[in-house]
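Q: I would like to learn how to read a few local features in a model. Can we take them one at a time?

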Amino acid sequence: MGSPDDTLLTTLRTVVGDANVLAEPDAMAGYLVDWTGRHRGAADAVVRPRTTDEVSQVVRACADSRARICVQGGNTGLVGGSVPPSEKDPGRPTILVSTARMTDIDEVDTVGRCVGAQAGATVDAIDARAGRVGLAFPIDLASRESATAGGVVSTNAGGTRMIRRGNTRSQILGLEAVLADGRILRRWTSLVKDNVGYDLPGLLAGSEGTLAVVTRVLFRLVVPPSSAMVAVAAIEHVETAVALIGAASARGLTVEAAELMTEAGIALVHEHGQRRPTAEPGPFYVLLEVSGPGDVEAATAELLSDAEGLIDAALEPAPARALWGARESHTESIARSSATPVVKLDISVPIRALPEAFAELAAVGEVSDFPCRPILFGHVGDGNIHVNLLDVPVERADDVTARVFGIVTANGGSISAEHGIGRAKTAWTHLGRSDVDLDTMRAIKAALDPQGLLNPGVLFGRPRHPVLLRRCSETP
């Protein structure tokens with residue numbers, strides 16, 4: 001007889017086919033490191049199912065073998081949640097389930113304004129399908145061509161349209177997922193009102209693969225604005241960006257997106273070939289995309305002319321890819337400019353605290369006793385700042401992370417705005433959640449995954465023994 005691992009792999013090959021079970025180190029290598037290069041894992045096999053039924057059979061086989069399961073979509077996360085643990089657990093195989101082959105997108109329901117998509121369908125592909133019938137996918141990310149439906153649900157992603165549309169949880173009408181024992185949970189309806197019991201799709205959104213394997217999602221779609229303008233302005237102060245958002249709304253304009261950048265970031269993307277968005281530089285830059293009735297261009301131009309603290313501005317009709325390029329090329333330029341893996345921290349603070357937080361975070365490189373270049377940008381309309389720390393010695397990454405999180409906490413913010421906790425931030429969850437809060441989440445985890453199979457180590461740190469997990473959910 002073969003070993004338990006051999007028996008499991010034989011079963012998995014029967015389910016998904018030999019070609020879709022990768023067990024050789026070279027074949028698995030690309031799945032075991034995230035795109036930042038900071039997080040690496042180990043697995044016994046990568047399995048690539050095609051349907052929800054195949055996922056169900058894979059999970060059931062893993063549950064029978066007590067195998068740990070890590071689910072991966074586009075692998076664009078920043079906190080290590082999409083790669084397996086770095087160490088194997090003796091006696092417990094580790095299986096990475098990739099949704100790369102699960103890319104189907106249903107026909108759009110133009111009356112109900114919704115569309116179903118498999119977990120591996122990309123944000124860009126879903127938006128393109130919606131666009132064929134004059135609708136739009138309300139979630140937009142710079143990583144739209146690789147970020148997947150399952151990934152944005154698992155992390156409750158926000159993105160550039162959150163100020164207008166809300167986060168991913170707000171866009172979910174229905175959901176299909178495989179539970180830890182292999183059963184299929186299906187809550188699938190386009191009803192605007194359906195108030196029967198717990199909001200299970202809402203619970204799974206943001207759960208980072210720790211409660212179930214999301215396989216299909218029924219997303220809400222929206223009607224895109226008929227006319228929109230994009231402006232990028234060089235400004236003196238962060239307060240000017242916040243004031244522009246309020247002034248735009250007061251004038252009857254709808255703010256579709258609002259992004260904040262710094263001169264350090266603009267200079268960096270310019271070094272890598274992106275044209276500067278304004279003729280005159282400034283300490284900060286705000287990108288606004290606005291829509292509305294009437295002459296939106298004239299209204300936007302008037303908005304900019306009346307703004308205090310504005311140095312220079314450029315204005316183009318949407319989609320204005322060149323102007324957006326200044327913002328969306330930040331991530332790639334940053335990755336190419338650091339001598340060490342970039343320390344990427346996705347945080348949020350109250351909007352009123354943005355000026356102080358930006359100043360304190362920008363000074364992190366000056367007060368550290370080692371080389372560090374902060375590049376800050378983010379979604380100014382919801383207080384979300386993407387903190388990127390370049391050239392940080394690998395052994396000092398935790399030190400500089402703790403310093404940033406101290407600033408965030410002092411300003412009343414959150415250590416995770418839209419990318420989750422993953423494996424990278426588990427040591428700091430107490431900064432944003434009380435013991436009672438964390439115990440409640442552990443009880444939910446224990447109820448849905450009593451063996452602790454799904455994404456062990458994500459969100460809660462080193463996984464507890466299954467017996468301890470069960471005890472968390474027991475009533476004294």
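Q: Is serine 154 buried or exposed?
A: The general idea is a cut-off: buried means under 20% relative accessible area. In this predicted model, serine 154 has a relative accessible area of 17%, so serine 154 is buried. Serine 154 is part of helix H5, residues 149-155.

Q: Which residues does serine 154 touch, not counting those up to four places away in sequence?
A: Serine 154 touches Gly206, Ser207, Glu208 and Gly209.

Q: What is the phi of asparagine 75, and where is this residue found?
A: Phi is near 60°, a positive value in a residue other than glycine. Asparagine 75 sits in the loop between E3 and E4. With a relative accessible area of 12%, asparagine 75 is buried.

Q: What is the strand order in the open sheet of four strands?
A: The order is E1-E2-E4-E3, and the pairing is mixed. Strand E1 (21-22) and strand E3 (68-72) are the edge strands, each pairing on one side only.

Q: How many bridges join E3 to strand E4?
A: Five bridges join E3 to strand E4 (residues 94-98), and the two run parallel. Cysteine 70 has leucine 96, in E4, as its bridge partner.

Terms used:
Residues numbered from 1 in each chain as written. Predicted model: local features only at pLDDT ≥ 70, side-chain atom pairs only at ≥ 80, totals over all residues. Heavy atoms only, no water. Pairing = 2+ DSSP bridges. Buried < 20%, exposed > 50% of the residue type's maximum accessible area, 1.4 Å probe, protein only. Contact = heavy atoms within 4.5 Å.
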